[in-house]
Every structure is written in C-alpha cells, then in structure tokens.
Amino acid sequence: MLGALIIVFREVIEAGIIVGIVLAVTKGVPGSRLMAGLGVLAGIVGAGLVAGFAGALAESLNGVGQELFNASILSLAVCMLAWHNIWMASHGRQLAGDARKLGQEVRTGARSLAALAIVVAVAVMREGSEVALFLYGLVAAGGTSSDDLLLGSALGLAAGVFVSAVTYFGLVTISARRLFAVTTALITFLAAGLGAQAANFFQQAGVAPFLSDTAWDTSAYLSDTSLFGRVLHTLVGYSDQPSVLQVVVYVVILAAIFTLTWAFAPRGGAPSGQAPAAQNG
Amino acid sequence: MNRAPVLPLLALATALAAAAPALADDAATVQITLKDHKFDPAESTVPAGKPIVIQLANQDATPAEFESKELRVEKVVAGGGAITVKVRALKPGRYRFFDDYHEATTEGFLVAQ
C-alpha cells in the first residue's frame, strides 16, 4: 500500500503544485475558479485518453510520437506561462493586487485565464496519464492485494491535493502587493523548468541530437526523485543529471521571460503606483 | 493570440519527426523483453560512443514506464505493447534503467564499453 501511495503521490505532486500556483495567481479574478476547474477537468479527460491510447501514441510518428507529444504540450505550457507573465506585466498589474479595480480588464483577463487553464490541463494530463496507467496495471493484475493498493493510490492522490492546498495557502498569505512579484518569478522559473523537460523529450525523440552530454550529476547530494528534489524540480526545474541542452534551454527561457516581462511593464506613470521592484522578484 | 503558438508547434513537431529516422541510421540496436516484471536480458552490452536504440517488448498485460535517470529516458509502454527508445551516444559505464511503476524490483542495466 505504501508503495502505491508513494508512486501516485510522486506523480500527483507536480500537477498539485502547478494548480496551487495558478489558483494563487488568479485569486480574486472573476471566473478564475471555473477556468481552473475546467483546466483540471480537461486534464483528467486528456489523461484518460493519453493512457488509453498509450500504445498507439508510442507507435505514431516513426515511434517517437510519445516523446514529441510530451515535448509539444510542455512547449505549449511554456508559451502560455510566458504569455501570461508578459500580459500581466503590460495590462494586468492590478489584477493580482486589487480585484475590485478590474472594470473593463475582466474581458481581456479571461484570455490570460484561458492560458493558465491550458497550463493546468497540461500538468494534470501529463501526471494523470501516468497515474491512470499505474492504476490500470493494478486493476488488471487483480489479486487480493489490489484493494490495498487502490487504497494506497487514493491516499497518494489525497496527499497530492494536500500539497496543492499547501502551495495555494502558502502563497496567498503573502500580501497582495508582493504576491504579484512572487508569482511572476515563480511562473518564470516554472516555465524554464518545463522548457528543460521539453528539451529532454526532443532529445529523447532524437530530433535534437546535440549538447546531450550530462552537464552535472548531483544525484548523490540531492536526488530529483526525493520529495524535496521533486518539489524543487517542479518549482525551479531542478534536475540532478541534466543534459547541456537542457541547461541552455533553461537559461534562455529564464532570461527571455524576465527580459520581456520587464520590457512590457509600464513605468513611471503606472496608475496603481506600485514599485518597479515587482518585476524582479 | 494565446492560441497562436499551437499550430506552429505541431508543425515543428511533425517536421522534426520526419527528420528523425535519418539520425538513427548508425545506431546500435538492443532488444529487451519485459516479462513477469523482469527485464530480459537484465544486462546488455552496447558500444560506447554510438547512439543506441532500445527495442522494448512488454509481454506483460500491465503497462510499464521504462525510465532511466542516467540515460535520461522516460517512456510508457502499454501492456502487450512495444516501444523504441533512443539513447544518446554513451561514455563507457554502467547505466541503470527500471520500470517506474515497480522500481524496487524491475531494473536492468546497459553496459557501454
């Protein structure tokens, strides 16, 4: 039972943290809960489809369909996160700070919400499909122990939801003004980490057969499969044995989003009068 | 605007997929079978410095996730299914892989020399 609990928890934790961050980012924005809920729902449906067609997906596109699918949806999530950050910097500075000032921004705000809903859906779909396959394996294997394993899986799922809640409540205790700076930075690191994962899938597919040497190996000090390593993996993209390409992609995305967020932020006459420090986090 | 990146990404993925097989021509191929949650052979020798293609046949009814930190590989194989896994050219050494759903008991190694 403990084994099943750990496996499911390990898969769910990544999606849980991302959902927690998105909920905190969109706190107080009208319609945000519906959007996040739809994102989770779409992710679960997508996870079921990906799991159900895992065999066909693996065989498609000359046998690298699974890798390219993962790389593509991760890249999509990176684009959505980057777009959200830049959009928030240019239009929506006040969204996170004071929801009552929204006014006409609500309509355009929905587009940014949709971007984050896609990120939630991608996260849930990726992790959820692995959980679905694991559970399917448990059920297919049958035997007297499967009830026990399913109970463990349910507890693992509950623990993942708990992490999501901890992330959310941890973030929303931050004052509204600082929350914007913190979440801008969090989303930037999140995007860079997801981009590095996408780079790995492109390499695994054989379409980026360069810079594939291992940049460093810190698995002896902090394994990215340990609980803390896993959390760091999700939050800032920590990897204990990344390829050089992954490191390059990570740094480029980090620099690009920070630069663009900074460049699009209104300066001087910002009506909300918030400190420019919010850009740097 | 937020939906714009989807199509170019798919186009890119498709173009890259078309280019993929040409790169695998000089690769060394290893065949591994998964049965009763055991890899057979549990250890394979491969040439160092050459890309490797692992052909994994899952003869169990349950799905597995072929994974390796050292090889930087992560791929689901359906019950009764088969997958092809591409691995970069390796430095000499012993590389561990496992089924992520049964990591404690289902492991194997590639020895590059």
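**Interface, architecture and packing of the predicted two-chain model**

In the complex, 32 residues of chain B are in contact with 37 residues of chain A, two residues being in contact if their C-beta atoms, placed from the backbone, lie within 7 Å. The elements of chain B that give two or more residues to the side touching chain A are helix 1 (6-23), strand 6 (73-77) and strand 7 (82-87); helices (H or I, at least four residues) and strands (E, at least two) are DSSP runs, numbered from the N terminus. Helix 1 of chain B supplies the largest share of that side, 10 residues. By class, the side of chain B that touches chain A comprises 20 nonpolar, 5 polar and 7 charged residues, where Ala, Val, Leu, Ile, Met, Phe, Trp, Tyr, Cys and Pro count as nonpolar, Asp, Glu, Lys and Arg as charged, and the others, Gly among them, as polar.

The model is predicted: local features need pLDDT of at least 70, side-chain atom pairs count only at pLDDT 80 or more, and totals for chains, interfaces and linings use all residues. Residues are numbered from 1 along each chain as its sequence is written, while chains are lettered from A and ligands numbered from 1 in the order in which they are written. The predictor assigns the complex an ipTM of 0.80 and a pTM of 0.83. The average pLDDT, the predictor's confidence in each residue from 0 to 100, is 84 for chain A, with 86% of the residues scoring at least 70. For chain B the average is 84, and 78% of the residues score at least 70. Where pLDDT is low, the predicted coordinates should not be read in detail.

The secondary structure of chain A consists of 10 helices and 0 strands. Chain B has 1 helix and 9 strands, and along its sequence the pattern is α-β-β-β-β-β-β-β-β-β. Buried residues make up 50% of the 281 residues in chain A and 42% of the 113 residues in chain B; a residue is buried if 20 or more other C-beta atoms lie within 10 Å of its own, exposed if 12 or fewer, and partly exposed in between, with C-beta atoms placed from the backbone. Among contacts in chain A between residues at least 6 apart in sequence, 81% join residues at least 24 apart. In chain B, residues 24 or more positions apart account for 56% of the contacts with a separation of 6 or more.

Leaving aside neighbours within four places in sequence, A:Val119 is in contact with A:Ile18, A:Val22, A:Ala77, A:Met80 and A:Leu81.

Helix 10 of chain A has 21 residues and reaches 30 Å from its first C-alpha to its last, close to the 30 Å expected at 1.5 Å a residue; the expected span is 1.5 Å times one less than the number of residues. Within helix 10 of chain A, the residues A:Leu245, A:Gln246, A:Val249, A:Tyr250, A:Ile253, A:Ile257 and A:Thr261 are buried. They cover an arc of only 135 degrees around the axis, which puts them on the same side of helix 10 of chain A; the arc is that of the directions from the helix axis to the C-beta atoms. On the other side of this helix, A:Ala255, A:Thr259 and A:Ala263 are exposed. The buried residues of helix 10 of chain A pack against helix 4 (65-90) and helix 8 (176-204) of chain A.

In helix 8 of chain A, 23 of the 29 residues are buried, so this helix is largely enclosed by the rest of the structure. Just after helix 8 of chain A, A:Gly206 takes a positive phi of about 85 degrees. A:Ile174 lies in the loop between helix 7 (146-172) and helix 8 of chain A and counts as partly exposed, with 14 C-beta neighbours inside 10 Å. Leaving aside neighbours within four places in sequence, A:Ile174 is in contact with A:Leu179 and A:Val182.
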